[in-house]
Amino acid sequence: MPEVEIRKRLVTVEEIFHEGGPPAATPLRRGAIIAVIRNPFAGRYVEEIAGFMDDLKPLGLAMAQQLIQALGGDPKAIQGYGKGAIVGAAGELEHGALWHVPGGYAMREALGGAKAIVASAKKVGGPGARLDVPVTHIDASYVRSHFDAMEVGVPDGPKADEIALVLVMTTGARIHARVGGLKASEIKGEDGLR
Amino acid sequence: MSAKIRKIVTVVEETVTEMGRPVTPPTRRAAAVAVIENPFAGRYVDDLTELFEIGEELGGLLAEKAVAALGIDGPAAESYGKAAAVGENGELEHAAAILHPKLGTPVRKVLGKGAALIPSSKKRGGPGVALDIPLGHKDAAYVRSHFDGMEVRIADAPRAGEIVVAVAVTDSGRPLPRVGGLKTSEIKGEDGLR
């Protein structure tokens, strides 16, 4: 399988103090890392693409670790995660699906064995396309306070023959979470759901 | 009067290849962006002194955040820029009041020098509006390799009564610059121009 060629990386960190309500004792941090890579399958239909997932694993792990650093460096501080991909116009949605395994497992590994499935979104789009990356709790998908999303994008990417690969992590609940449901304090942490 | 900050976002962009060619060292730019309450939203106020003070406070804060995001010492910064977007219940003059009277001095203090004008842009807009922050060399505005711009946007800001304020800093010019003009090696650094 082809080598992973990176054109650029973007790291975004949001520090949220309040959203019109009482300021939180600890601000919520949300971070995203994006790598814009060349799509080795752009411009034609390629049947066998799955091997590229292995090539993406080192990139996934490096991105997960860089994102943890950007959020303060402590993997234990990370409570929510999500992932996504924007495939340039000469590629197909299926190329974005190549990110599920290397992106998801990289975050779980870097976070020391998170249990919940990593929520994801993907699309085909041009330079500047925006993607709303869904976020859920890393150990229990049903934790309602941690359902969130972070909008990301690359002003000059992805070009037609590129893919923008995205990882998102958060350090807590929505800033004024108050709609009930399963709480983080009630997690059993066995099945990744509750 | 100090700024009422709802959130702070930092973005770091790193370009490692361009048109398949390595960019060595990679070019890097960072923006630090604050979302603040507009104290004059919804009414005409003649004296904008309060916003001058807020600009002074944000200049130092955002320059420090941007430099920290790049992981460099202030004097290692090469170019800079600033921008503001006012929510719909404010006026363009509010952006001017933040950006122009007092924001520059603390930015220059963080960066060690800064003989050149800090290029700026401003606009009125709604949540998610794109800010194109102009960039120019911090000591000599005519350095052609460092004419650039950085696009940033905050998905949920500015709300009607808010202002988005951004300071961008780089440790480099454009990737693969080759349109001539004054070079960084030729800077005199006396008048801010050459």
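Biologist: How do the residues lining the second largest cavity divide by class?
Modeller: Eight are nonpolar, none is polar and one is charged. Nonpolar here covers Ala, Val, Leu, Ile, Met, Phe, Trp, Tyr, Cys and Pro; Asp, Glu, Lys and Arg are charged; the others, Gly among them, are polar. This is a predicted model, where local features need pLDDT of at least 70 and side-chain atom pairs count only at pLDDT 80 or more, while totals for chains, interfaces and linings use all residues. Residues are numbered from 1 along each chain as its sequence is written, chains are lettered from A and ligands numbered from 1 in the order in which they are written, and side-chain values use heavy atoms, with hydrogens and water left out.

Biologist: OK, which residues line that second largest cavity?
Modeller: Its lining is Ala85(B), Val129(B), Leu131(B), Val152(B), Arg153(B), Ile154(B), Ala157(B), Pro158(B) and Val164(B). The volume is about 40 Å³. On a 1 Å grid over the protein atoms alone, a cavity is a set of points where a 1.4 Å probe fits but cannot get out; a pocket is an open set with protein on both sides within 12 Å along at least five of seven lines; lining residues have an atom within 4 Å of a point. Points are joined across faces, edges and corners, and volume is the space filled by probe spheres set on them.

Biologist: Switching to pockets: how much space lies in the largest one?
Modeller: About 440 Å³. There are 30 lining residues, and those nearest the centre are Glu14(A), Met150(A), Glu151(A), Arg153(B) and Ala155(B).

Biologist: What about the largest nonpolar core, which residues have the most contacts inside it?
Modeller: Ile36(B) and Leu58(B), in a core of 38 residues. Such a core is a set of buried Ala, Val, Leu, Ile, Met, Phe, Trp, Tyr and Cys residues joined through side-chain atoms within 4.5 Å. Buried means under 20% relative accessible area, exposed over 50%, partly exposed in between (1.4 Å probe, protein chains only).

Biologist: Which helix gives the largest share of this core?
Modeller: Helix 1 of chain B, with eight residues. A second, separate core has 36 residues, including Leu98(A), Leu165(A), Met169(A) and Val16(B).

Biologist: What does Ile36(B) contact?
Modeller: Leaving aside neighbours within four places in sequence, the contacts (heavy atoms within 4.5 Å) of Ile36(B) include Ile5(B), Ile54(B), Leu58(B), Ile98(B) and Val165(B). Ile98(B) sits in helix 2 of chain B and is buried. That helix is mostly covered, with six of its eight residues buried. Those buried residues pack against strand 2, helix 1, strand 3, strand 4 (120-124) and strand 7 of chain B.

Biologist: Now Lys138(B): buried or exposed?
Modeller: Buried, at a relative accessible area of 4%. Lys138(B) is in the loop between strand 5 (130-137) and strand 6 of chain B. Beyond neighbours within four places in sequence, the residues in contact with Lys138(B) include Pro75(B), Ala77(B), Tyr80(B) and Leu111(B).

Biologist: Last one: which residues of helix 3 of chain A are buried?
Modeller: Among them are Pro102(A), Ala106(A), Met107(A) and Arg108(A). The buried residues of this helix pack against helix 1, strand 3 (80-87) and strand 7 (162-170) of chain A. Gly112(A) follows helix 3, with a positive phi near 80°.

Methods:
Helices (H or I, at least four residues) and strands (E, at least two) are DSSP runs, numbered from the N terminus.
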